[in-house]
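Subject: A structure for you to explore

Hello! Here is the structure I promised to pass on. Please open it beside this email and follow along.

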Amino acid sequence: MNSTEAGLLGQGRTLVRLKGPERQGWRLTLPAEFALTSTRPGAAHSALVQDHKVVLVGGGEGHRGPTAIAGLDPQHGRLAWRQPLPPGSRVFLYESGFATVLAADCRPGSCQLTGWDSWSGVRKWTRTESGAVRVLDGCRADAFAVEPPSDVHRCRPYLVTPGRVATLGPETGRPAWMTGLRMPREPIDRITQNGGHVTMATAPAKGSCRATVLAWRIAEYAGHEEYDWQRSFVWDQPQAPRDPRTGCRWDRTLPLFIGYGMALPEAGGALVVPHYSGTLGHSRRLAPGEYLVTDGTMNQIIRAPGRPDRTLNETGRPLRPRGLSPASRLLMDRFWQDGRRLLLLGYEDRVLWEGTSDCRAFAGHGKGPWVGLTYCDGDDLVTLRPKDKD
């Protein structure tokens, strides 16, 4: 795990807090049950982080899913509480402002929902929702984007039934059902709130690979221009392997939101539409085999095997500084990583500093000249920060 905001780094049974301004550093050896080996938030052996709230999701030997949750005391570097979970549960952490972690145990026909206080581990409420199929994480594991939205108040769990979708209140667990939504026949598989809309998608159907993507205007934005839309198509992601269950080229972990657009992976060529207006706005069809990627900026990059990368808007501006490979990524202003190479570039891409990193380097939380860049020098972490000139 890597949380720049909380200053936390974790791998395996080791969890450290980096020392910083008004922040004491520490090192914690985790129990094997809570070893950090998964990068999928909410899965067994992962961590859920929101602001300075941290919940570890444990896994037991012989179990595929989460078996327990534990709260971290970030100030003193210890586990503050632990709660066991029913087999097959999913875990969600509510958005900023609510100290609630949700555990959902969904069986055929119903979901048992439990809300725990993320600071104390005390159970706040429990309820059972009949007819529910699953609970989806609209901010992390089941979202369309790689990173959570900048407005964390849009991060929430969604309760899904065959005919309805609801948000779950953090203080009571009561569902608030979306009204007027034209639900597709297949169950909702992914969901994300973007501005005044919630965008959803079904999983590709076995054999036919048909899927539906739809957007619905939230009630609090009623009165705005009508932008509800829905589109069904044959799902085909050329960069993904064939899913053994459906037979489709489909990887639900790949983002559909790239930059300011959304790429609908249609067979015969992806359709790129705006986030907000979707298929009602201006769209562009990519050639067969092409797909969108990003490089850590808001660039929408078209990629295909055997062809050079190019931007979607085709401005003619170089995609990346001279000499960097397609795998390079922008870490922060003028700092790039390309494999093990780290480079700070100046005017006309002149190299001002060059080093190497044995891990994926990352920028600190926040903005401004005081934000540092951290990388690995062997087993050591090194942080670079700008220095005022004398």
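Is Asp-137 buried or exposed? Asp-137 is buried, because its relative accessible area is 3%; buried means under 20% relative accessible area, exposed means over 50%, and partly exposed lies in between (1.4 Å probe, protein chains only).

Before going further, a word on what you are looking at. This is a predicted model, in which local features need pLDDT of at least 70 and side-chain atom pairs count only at pLDDT 80 or more, while totals for chains, interfaces and linings use all residues. Residues are numbered from 1 along each chain as its sequence is written, and side-chain values use heavy atoms, with hydrogens and water left out.

How confident is the predictor? On pLDDT, the predictor's confidence in each residue from 0 to 100, the protein chain averages 88, and 92% of the residues score at least 70. Helices (H or I, at least four residues) and strands (E, at least two) are DSSP runs, numbered from the N terminus.

Now back to Asp-137, which has a partner. Asp-137 forms a salt bridge with Arg-140, with 3.9 Å between the closest N and O atoms. A salt bridge here is a side-chain nitrogen of Lys or Arg within 4 Å of a carboxyl oxygen of Asp or Glu. Arg-140 counts as buried too, at 14% relative accessibility. In total, the structure holds 20 salt bridges.

Here are two others to find. Arg-285 forms a salt bridge with Glu-266, the closest N and O atoms being 2.8 Å apart. Arg-285 lies in strand β24 (residues 284-285) and Glu-266 in the loop between β22 (261-264) and β23 (271-274), so this pair ties together parts that are 19 residues apart in sequence. Arg-285 is partly exposed at 42% relative accessibility, whereas Glu-266 is buried at 8%.

Arg-320 and Asp-309 also meet through their side chains in a salt bridge (3.2 Å, N to O). This pair links distant parts of the chain, eleven residues apart: Arg-320 is in the loop between β27 (310-311) and β28 (329-332), and Asp-309 is in the loop between β26 (301-303) and β27. Both count as buried, Arg-320 at 15% relative accessibility and Asp-309 at 17%. Elsewhere, salt bridges that share partners join Arg-90, Arg-134, Asp-142, Asp-189 and Arg-252 into one network.

Arg-90 turns up again in the second largest pocket. Of the 24 residues lining that pocket, Gly-65, Pro-66, Gly-88, Ser-89 and Arg-90 lie nearest its centre. The pocket's volume is about 500 Å³. The strand β10 (100-107) gives the largest share of the lining, four residues.

The search of the whole structure also finds one cavity of 30 Å³ or more. The largest cavity has a volume of about 110 Å³ and is lined by 14 residues, among them Gln-239 and Tyr-291.

How are these spaces defined? On a 1 Å grid over the protein atoms alone, a cavity is a set of points where a 1.4 Å probe fits but cannot get out, and a pocket is an open set with protein on both sides within 12 Å along at least five of seven lines; lining residues have an atom within 4 Å of a point. Grid points are joined across faces, edges and corners, and a volume is the space filled by probe spheres set on the points.

Enjoy exploring!
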